[in-house]
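Please read them with the structure open.

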Amino acid sequence: MPDPINTPTSTQSTLQAVRFRGGGFHPRRHPWAALAAFALLIALWEGTSRVGLASPLFLPPPSAVGRALAGMIADGSLWLNLKASLLRIGVGWSLGTLGGLTVGLLMGVASVARAVGVPLVSAFFPIPKIALLPLFILWFGIGEASKFATIGFGVFFPTVIAVYSAIDSVPRNLIRMAQSFGLPWGAILRNILLPGALPGILAGFRITASIALILVVAAEMIGAEYGIGAFVLMAGNLMQTDTLLAGVMVMSALGLTIGALLSLLERRLLVWR
Amino acid sequence: MSIARWTRRTLLQRTAFAGVALAAALAVGPQPVAAQTLDKASVGVLALSSSGPIFIAKAKGYFEREGLDVTLSTFTSAQQVPVAVASGDVDFGVTGLTAGFYNLAAKGAITMIAAQSRDEPGFPLSAYVATNAAHAAGLAKPSDLKGKRIAITTVGSTFHYMIGILGQKYGFTVKDVTMVPLQDVPKMVAAFKGGQVDAILAPSTVARQLVADGAGQILGWAGDETPWQLGALFTGPKTIQTRRPVVEKFVRAYKTALAEYHAAFNVKDASGALVKGPGYDALLTIIADATKQKPEIVAAGLPYVDPNARLLIDDVVNQVRFWQSEGQVDKALDPKSILDLSFIGQ
C-alpha cells in the first residue's frame, strides 16, 4: 500500500475519501441546447397560429415568414439587401471601433486623456443617434457617408468605455511585478496591459456588433434604396407583417453569425487563458 | 387621452367670457343625459385639421345627441390608426389612405364607411417644392418633376401616391423619378436644404416655411393638379356586424359635423374665392384647440370635405390599382370589397 490516504478501498476505515469539490463555474459548450430552444420556440409559435390562438395578421406563423423569406431568396432581393447592409455595418463598425480603440487606449493609460475623455463620453454617449439623423444628412448628405457615420458614432462610445475599463481591470500586481523586473513601458503595454484587457475589449465587441445591427435600421432611414434595415422599415410601413418578420429573421441570423465569429475570435485570441 | 375632457373644459371657459356663437354651440351641446343611456365608442384620430369634423362633433355634442359617449384617442402617425382599429383598441378611425391601410383592409381587418378630407383645387394642402438650384436649372412646373430626385416620407405613403397620380396625369411613372424615402418631414427638410434632392412633396405649413426661409420655390399644389381622396372614416367589419346601430349613430353625428365644417370652411363665392361661412370663428377655435395649433395656421391649411361624406370611389379604385402595380398591395384585393357605403347612402 503505497498511498493509503487516496485509496478508497483502503482497509483503514478511519480515513474517508474526499469528494472532488472543484469544477463547475466553468463555461462549457452546449451547441444542442441553443438549437433545441430555437426549435421549441418556433414549434410553439407555429402551434399558436395553427390552433387559431393568434391571428395571422398580428403574428404570422413561421411557415408564412418562411414563404416570404423564400420569395426574397428567389427574386434575389435578399442578397441585394444583405450586401448593402453588410457593407454599411462593416465600414461603420470598423471606423467606430478603430476610433474607439485609439481613444479608449489613450484614456486607459494617460490620466489627462481620461480626465478630458470621461465627461465627454458621458455627455455624448446617451444622445440617441436617431435624433441626430437630420444633422447627419446636412453634414454627410444622404449617400453612404451618413450611414457609416450613424453606425460609426453608435459604435465609438461603447468601444471607448469597454477599452478603458478593460485596461482598468488588468491586475495591478502584474504591472507592479513587471515594473520591479525592470520591463520598459512599451513592453508592459504590449505584454501585460493589452493581453489583459483583451477579454474586456472582446466583450465590448459583442455589444458594439449588436449596436451596429440595431443602428443599420436607423441609418437606412436615410434614403436607402436597398438594405435589410430599409427592407424592414418598408415592410412595416406597408403593414406586410410576414415580410417584416422575414426581415427581422435575417437580422437575427446576422446577429447569430457575428456572435459565432466573435466566439471563434475569442477562442483564438484568449487561448492563453 | 384627455383631449375630449380638455376640449369641453376650454369650451366652458370660453363661454364664461362670452362668445355669442359658442354660447349657441353649447345650447345644442352636451346636455346632461343619464350615463347608462349612452353607448360607448372610441375613435382614433391624428391631431391634424383633417380630423376637424370629428373634433367638431365631439365638442358640439353631436355624438351625445345621437346617444353615443365617444372617446377620442390621438395617434401620431397615419399608420397607427388603422392598426388600432384592426386590433380592436378603437372602434373607428379617420386618417389618410396609404398602402399599409389597404394591406390591412385586404386582410379583412378594416372597412371604409365614409370619406374624410380630399385634395381639391383651391385647397392648398400639399405642395411640390423645388430647391433654388433645381428651379434655376429649369424645374418650373409640376410636370417637370419627371426624372428628378424627390424626397418623400416612406414607400407606400400618401406622398408616394401623389407622385404616382401626377405621373398618370403627365405621362410618366414612378420609375421615371428617383424617390428618396426619408421617413419623416424633418429629415426631408434637411435633405432639401442640403441640396441632396431636387424637390420634395411637403405639407402646406412646411412648404410655406421653406419659401419664407428662401430655401426653395413652390411649383404647385397637389389639390390643383390631381384631386384625390385623401382619407376615410373606417371601422372593423366585426363592429359593422355586431354593433350596426352604433355605426349608424356615429356616421349621423359625423355627417352633421361635416356639413357644418363644409358650410364654414369650404364654400366659395362667384369669383372662386373662399368665403367665411356661418360659425367660422367658433369652429376654427375648436379645431385649433384640438390640434394645439394657432388658429391662423389652422385656417391656412383647412382641407376640403364632402358635406355628405361621399367618397371619390373612382380614386379609391385607382389607389388600389396603383399600389397593386407597384407590388405593394395584394393583387387579389378587390377595392369594392373594402367599402361599405350603406351608412352614407352612396
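1. Contact here means heavy atoms within 4.5 Å. The model is predicted.

2. Thr241(A) belongs to helix H10 of chain A, which covers residues 241-269. Is Thr241(A) buried or exposed? Its relative accessible area is 13%, and because buried means under 20%, the residue is classed as buried.

3. The interface brings 20 residues of chain A into contact with 28 residues of chain B. About 1,800 Å² is buried between the two chains, with carbon and sulfur atoms giving 70% of that area. On the side of chain A, the most area is lost by Asn237(A), Leu238(A) and Met239(A), which together account for 31% of what that side buries.

4. As for polar interactions, the rule finds 0 salt bridges between chain A and chain B, and 5 residue pairs in polar contact, both partners at pLDDT 80 or more. H5(A) supplies the largest share, 4 residues. Sorted by class, that side of chain A holds 14 nonpolar, 5 polar and 1 charged residues.

5. For chain B, UniProt (unreviewed entry) places the feature "domain: Solute-binding protein family 3/N-terminal" at residues 42-278. In the model this span is 40% helix and 24% strand, and its end C-alpha atoms lie 29 Å apart.

Methods: Residues numbered from 1 in each chain as written. Chains lettered and ligands numbered in written order. Predicted model: local features only at pLDDT ≥ 70, side-chain atom pairs only at ≥ 80, totals over all residues. Heavy atoms only, no water. UniProt positions renumbered as here; feature names shortened; annotations may be inferred. Helix = DSSP H or I, 4+ residues; strand = E, 2+ residues; numbered from the N terminus. Buried < 20%, exposed > 50% of the residue type's maximum accessible area, 1.4 Å probe, protein only. Buried area = accessible area lost by both parts, 1.4 Å probe. Salt bridge = Lys/Arg side-chain N within 4 Å of Asp/Glu carboxyl O. Polar contact = N/O pair within 3.5 Å; in protein donor to acceptor, adjacent residues only side chain to side chain. Nonpolar A, V, L, I, M, F, W, Y, C, P; charged D, E, K, R; others polar.
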